[in-house]
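Here is a quick briefing to read alongside the model. Have the sequence open as you go.

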Amino acid sequence: MTIETVNAQKIDIPETSVGVLDKSVHILRVLEHGPASLSQLVEKTGYTRSTVHRLATALECHQLTGRNSEGKYVLGIRLAELAAAAGEDRLLANCDTTLQMLLERTGESAQIYRRQGDQRVCIASVERSSGLRDSIPVGALLSMNAGSAAHILMAWEDSVLLYKGLKNARFTAGTLTAVRKRGWAESVNEREHGVSSVSAPIRNARNQVVAAISISGPTDRMGISPGRHYAPIVMSAGNYLTEILSNASHA
């Protein structure tokens, strides 16, 4: 048994007879704690630069790792897909009905996003079958600089990440203060001209925000104050999925 230290936390890394697998898992365990450059991966794993580069590149080809806007390595979308297929990801396993309900009650496309480094990834989505719609496919990476889902995923971050995230954002610290106070977010023509959205948090059993649930559509249809009309139903959907995650942790 070997021990690594990441962000002052000791993590047991079991060793098997398959060294390349052990090293690949070691890299993934480091990325659990956030984005890392190649140099940071080398430092935190203790492997040579060539070894880390070779393994991280291979993992990226299989979508087990990815890159954020700064070029740093992050955990890849394939891990979420595998977890859902195995029934381990309670959020993905239980969100389809909720998203469909949002679509039926609001008439707008609905999505769930998770933060992935300096971006957010769409992990689930349902769309209108006809008419104008905001089409966001599963696996799409969007900026954390704009959009109501970005507000939600950033509003409860620590002060260091808040300061960093606001540098290039199209919203302000005051926007996030309002989000924390009311518990939901809205954006109008912020991520894309002509598109509006409303989002609410999904929390785990420790009350941490782990995802954002959203509806989005044309501003002409949703209006210039979409939260006034849609926030209660989006918040209700977020609370329902929060309850599922909380109950799962006590099962």
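In the hairpin of S5 and S6, which residue takes a positive phi? That residue is Gly117, with phi near 65°, in a hairpin that has 2 residues between the strands.

Some ground rules before the tour. This is a predicted model, so local features need pLDDT of at least 70 and side-chain atom pairs count only at pLDDT 80 or more, while totals for chains, interfaces and linings use all residues. Residues are numbered from 1 along each chain as its sequence is written, and side-chain values use heavy atoms, with hydrogens and water left out. The H and S labels are DSSP runs numbered from the N terminus: helices are H or I with at least four residues, strands are E with at least two.

**The sheet**

- Picture an open sheet of 6 strands in the order S7-S6-S5-S10-S9-S8, with antiparallel pairing (two strands pair if DSSP finds at least two bridges between them).
- Strand S7 (141-143) and strand S8 (185-188) are the edge strands, each pairing on one side only.
- From one strand to the next, the twist averages 30°.

- Strand S5 (residues 109-116) and strand S6 (residues 119-126) run antiparallel and are joined by 7 bridges.
- Gln111 has Ser125 of S6 as its bridge partner, and Gln116 stands opposite Gln119 in S6.
- S6 is mostly covered, with 7 of its 8 residues buried (buried is under 20% relative accessible area, exposed over 50%, and partly exposed in between, using a 1.4 Å probe and protein chains only).
- S6 is also joined to S7 by 3 bridges, again antiparallel, and here Val121 stands opposite Leu141 in S7.

**S8 and S9**

- S8 pairs with strand S9 (residues 195-203) in the antiparallel sense over 4 bridges.
- One of the pairs to look for is Glu186, whose bridge partner in S9 is Val198.
- In a regular strand, side chains alternate between the two faces of the sheet.
- In S8, Ala185 and Ser187 make up the covered face, whereas Glu186 and Val188 make up the uncovered one.
- The hairpin of S8 and S9 has 6 residues between the strands, and Asn189 there takes a positive phi near 60°.

- Ala212 sits in strand S10 (residues 209-218) and counts as buried because its relative accessibility is 0%.
- Setting aside neighbours within four places in sequence, Ala212 is in contact with Gln111, Ile112, Tyr113, Ala149, Ile152, Leu153, Ala200 and Ile202 (contact means heavy atoms within 4.5 Å).
- Among those partners, Ile152 is 60 residues from Ala212 along the chain, yet their C-alpha atoms are separated by 6.2 Å.
- Thr219 is in helix H10 (residues 219-222) and, at 10% relative accessibility, counts as buried too.
- The side chains of Thr219 and Ser196 make a polar contact at 2.8 Å (a pair of N or O atoms within 3.5 Å; within protein, one must be able to donate a hydrogen and the other to accept it, and residues adjacent in sequence count only if both atoms are side-chain atoms).
- Beyond four places in sequence, Thr219 is in contact with Val188, Asn189, Gly194, Val195 and Ser196.

**Helix packing**

- Helix H1 (residues 19-31) and helix H3 (residues 49-61) pack at about 80°, with their axes 10 Å apart (axes are lines fitted to C-alpha atoms, for helices over the stretch in contact, and angles run from 0 to 180 degrees between N-to-C directions).
- H1 and H3 are therefore roughly perpendicular (65 to 115 degrees; under 35 is roughly parallel, over 145 roughly antiparallel and the rest oblique).
- Val20, Lys23, Ser24, Ile27 and Leu28 of H1 meet Thr51, Val52, Leu55, Ala56 and Leu59 of H3.
- By class, this contact of H1 with H3 has 7 nonpolar, 2 polar and 1 charged residues (Ala, Val, Leu, Ile, Met, Phe, Trp, Tyr, Cys and Pro count as nonpolar, Asp, Glu, Lys and Arg as charged, and the others, Gly among them, as polar).
- The axes of helix H7 (residues 148-155) and helix H9 (residues 173-182) come within 9 Å and cross at roughly 80°, which means H7 is roughly perpendicular to H9.

**Loop residues with positive phi**

- Most residues other than glycine have a negative phi.
- Gln63, in the loop between H3 and strand S3 (65-67), has a positive phi near 60° and is partly exposed at 42%.
- Asn207, in the loop between S9 and S10, has a positive phi near 70° and is exposed at 52%.
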